[in-house]
Amino acid sequence: MITAQDVEFYKENGYLLVKGVFNQEEIVGMRKAVDSIIDRAAKEKMDHNAQWQGDFLPPEELKKLVLKGFHDVHYHDASFLRALMHPNMTAVLSQIIGPNVQLHHSKMLVKPPENGAAFPMHQDHPYFPHEQHTMLAASVHLDDADLENGCLHVLPGSHKQGSLQHVGRHYLNAKEYPVSDGLPCIAEAGDVLFFNYLTVHGSPANRSERTRRNVLFQYRSATDFPTTKEHFDWGMGLMVCGENPNFNRAKPEFAIL
């Protein structure tokens, strides 16, 4: 799926857009799965607006925006378990992370038409810090993404700055880091954007008449361990490719209460 030059691009810039990772049939299957999850959540009265709160947008604008987001989607539909271990995915992951790759967690993000929520610029690192910073997100595009429907923006090379001081609930000062300063990652359905969890990223609101659906898988090296006990998820540590060299640390220490 990628070349040695692509690997160097990722190391230098902290992100890599890979075209055509999933075919049309696979994308249609995941779209149906996302829509079904939203329907089932609504029936169980567990649907909610996952829009970020904070001072990065005026309050009157924030309250109009909507985001449908749920974690651990691989527990809700088998299409996501197939996707996160897809041969095309592991072909990329094994080159930019290493031979032994684990899943950390999964989630879905849906920006509905016209009022899909914005994401302020931020790093993912504060949510689940790790020792070696191999953690990355693989954002699977289930719809075409462009400037109108709120595609992801990244700051190339920002991962080299290390952990930055965040404000509010883990987002950067919007005056210092406006989304407009980021490089827009325009993508087609089936493309996957890989980016390190230290890479500064965000996205504007969806102002189009089109839905923007993404599924994110967070991956790490099997030798990269969390430095805190924040954001532990069921399924964390699932071997996606390779082997676990640490037999006595093969799974997280969960307490069943």
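Q: Which residues have the most contacts inside the largest nonpolar core?
A: This is a predicted model, in which local features need pLDDT of at least 70 and side-chain atom pairs count only at pLDDT 80 or more, while totals for chains, interfaces and linings use all residues. Residues are numbered from 1 along each chain as its sequence is written, and side-chain values use heavy atoms, with hydrogens and water left out. A nonpolar core is a set of buried Ala, Val, Leu, Ile, Met, Phe, Trp, Tyr and Cys residues joined through side-chain atoms within 4.5 Å, where buried means under 20% relative accessible area, exposed over 50% and partly exposed in between (1.4 Å probe, protein chains only). The largest core has 39 residues, and those with the most contacts inside it are Met89, Phe194, Phe217 and Tyr219.

Q: Which helix gives the most to this core?
A: Helices (H or I, at least four residues) and strands (E, at least two) are DSSP runs, numbered from the N terminus. With 7 residues, the helix that gives the most to this core is α2 (residues 24-43).

Q: How many residues does the second, separate core have?
A: In soluble globular proteins, nonpolar side chains tend to be buried together. The second, separate core includes Tyr15, Phe119, Ala137 and Val154, and it has 10 residues.

Q: Where in the chain do the partners of the stacked pair formed by Phe128 and Tyr197 lie?
A: Rings of Phe, Tyr and Trp (its six-membered ring) pair if their centres lie within 6.5 Å, and planes under 30 degrees apart count as stacked, over 60 as edge-to-face and the rest as tilted. The structure holds 3 aromatic pairs, and in this one the centres are 6.3 Å apart with 20° between the planes. Phe128 is buried at a relative accessible area of 3%, and Tyr197 is buried at 1%. The pair links distant parts of the chain, 69 residues apart, with Phe128 in the loop between β4 (119-122) and β5 (136-141) and Tyr197 in the loop between β8 (192-196) and β9 (201-203).

Q: What is the angle between the planes of Phe217 and Tyr219, whose pair is tilted?
A: Phe217 and Tyr219 are both buried. Their ring centres are 6.3 Å apart, and the pair counts as tilted because the planes stand at 55°.

Q: Which backbone oxygen does the side chain of Gln123 reach?
A: Gln123 is found in the loop between β4 and β5, where it is buried at 0% relative accessibility. Contact means heavy atoms within 4.5 Å, and, leaving out residues up to four places away in sequence, Gln123 touches residues including Gly162, His166, Tyr197 and His201. At 2.7 Å, its side chain reaches the backbone oxygen of Leu198.

Q: What is the relative accessible area of His133, a residue other than glycine with a positive phi?
A: Most residues other than glycine have a negative phi, and most peptide bonds are trans. Phi is near 60° for His133, in the loop between β4 and β5, and near 55° for Asp72, in the loop between β2 (68-71) and α4 (78-84). Asp72 counts as buried at 15% relative accessibility, whereas His133 is partly exposed, with a relative accessible area of 33%.

Q: What percentage of the residues of the protein count as buried?
A: The secondary structure comes to 5 helices and 11 strands. Among contacts between residues at least 6 apart in sequence, 86% join residues at least 24 apart. Of the 257 residues of the protein, the buried ones make up 52%.

Technical notes:
A polar contact is a pair of N or O atoms within 3.5 Å; within protein, one must be able to donate a hydrogen and the other to accept it, and residues adjacent in sequence count only if both atoms are side-chain atoms.
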